[in-house]
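User: Hello! I am new to this structure and would like to understand the labels used for it. Could you take me through them?

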Amino acid sequence: MGTDIQKQVYEILESQSRDSRAGIFVSHALILLILINVIAAVLETDAVIFQNYGRILDIIAAVSVFIFTAEYILRVWCCTQNPDFRLPVTGRLRYMATPAAIIDLLVIVPFIILPFIAHKGLTSLIRFLRIFWILKIGHYTRSLTTFSRVFKAKQEEIFIAFFVMLVLLVMGSAMIFYAEHDAQPTKFSSVLASMWWGIETMATIGYGDMVPVTPLGKVIASFVALVGIGLFALPAGILASGFIDEYSKKRKDEQEPPRVCPHCGKEIDEKPKEKDF
């Protein structure tokens, strides 16, 4: 009986819930609750709104923490239905160490200890942390799961792109420091200070707070700006390519019927290996 209840709760809370009405209702309700709390955290930063409606916002936070605490306990309780966490003790401990479970825990723990904190600044910070509850949405939508798969598949290319950007940033900042330090010693006071100019230039923001005035500095700035435009667009292109590959693979899997073993009737995940003749 207990195992059947565990299975039902697991199917509602975890990935299988997307195929059931109860799971869809629960996931949509929790997403709505998260968005309400994010909006409440934003509104709390306005002194007038907080003064007039602070009590209501506190009630929303308290109810939400109670619901998310119950959800976390249920997830830990039923996680043994997942083959990866099937052991009663070590399986649950392994689940609690997963990134998603850690995020869930970080959402509720600060608010549980909030009544015991007297420091006003720390209390305000904990209340403001509700904005980061939006990270929990990854539990309830497949879109973020798709993004994580794309990022994992393209992590090497993304690392290379950011490494090249870092090299350009350091070299450009060093060269502009050499060219502009004597003319503008207060603005380009060091290579570290010049990196802010490098980020502005590579991102094509151009706030105008640090502008080269020497001919050599202008040449260096032109080079860094032109190369930076291409390098900043590179990670976006890599991620776009990854999303196209992921959705193409998903569409192909949906079109192909599952292969079934003629003997046991189970689905065959892997394609048969080619034999060498």
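Analyst: Gladly! Please keep in mind that this is a predicted model.

User: Which residues make the nonpolar surface patch?

Analyst: Leu 35, Leu 122, Leu 125, Phe 128, Leu 129, Phe 132, Ile 134 and Leu 135 make up the patch, with an area of about 680 Å².

User: Why is Leu 135 called exposed?

Analyst: Its relative accessible area is 52%, and exposed means over 50%, so Leu 135 counts as exposed. Leu 135 sits in the loop between α6 and α7 (142–153).

User: What makes Arg 127 and Glu 44 a salt bridge?

Analyst: The closest N and O atoms of the two are 2.7 Å apart. The cut-off is within 4 Å, from a side-chain nitrogen of Lys or Arg to a carboxyl oxygen of Asp or Glu, so Arg 127 and Glu 44 qualify. This pair connects distant parts of the chain: Arg 127 belongs to helix α6 and Glu 44 to helix α2 (residues 21–44), 83 residues apart. Both Arg 127 and Glu 44 are buried. They also take part in a network of salt bridges that links Glu 44, Asp 58, Arg 127 and Arg 130.

User: How do you know that Glu 71 and Lys 136 are buried?

Analyst: Buried means under 20% relative accessible area. Glu 71 has 5%, so it counts as buried. Lys 136 has 2%, so it is buried as well. Their side chains meet in a salt bridge, with 3.2 Å from N to O. Here too the pair links distant parts of the chain, with Glu 71 in helix α3 (residues 47–78) and Lys 136 in the loop between α6 and α7, 65 residues apart.

User: Why is Asp 245 called partly exposed, and why is Lys 154 called buried?

Analyst: Asp 245 has a relative accessible area of 44%, which lies between the 20% and 50% limits, so the label is partly exposed. Lys 154 has 16%, which is under 20%, so Lys 154 counts as buried. Asp 245 and Lys 154 form a salt bridge, their closest N and O atoms being 3.6 Å apart.

User: How many salt bridges does a search of the whole structure find?

Analyst: The search finds seven.

Conventions: Residues numbered from 1 in each chain as written. Predicted model: local features only at pLDDT ≥ 70, side-chain atom pairs only at ≥ 80, totals over all residues. Heavy atoms only, no water. Patch = residues over 30% accessible without salt bridge, like charges linked within 9 Å, V, L, I, M, F, W, Y side chains within 5 Å. Areas by Shrake-Rupley, 256 points an atom, 1.4 Å probe, with all protein chains shown as cover. Helix = DSSP H or I, 4+ residues; strand = E, 2+ residues; numbered from the N terminus. Buried < 20%, exposed > 50% of the residue type's maximum accessible area, 1.4 Å probe, protein only.
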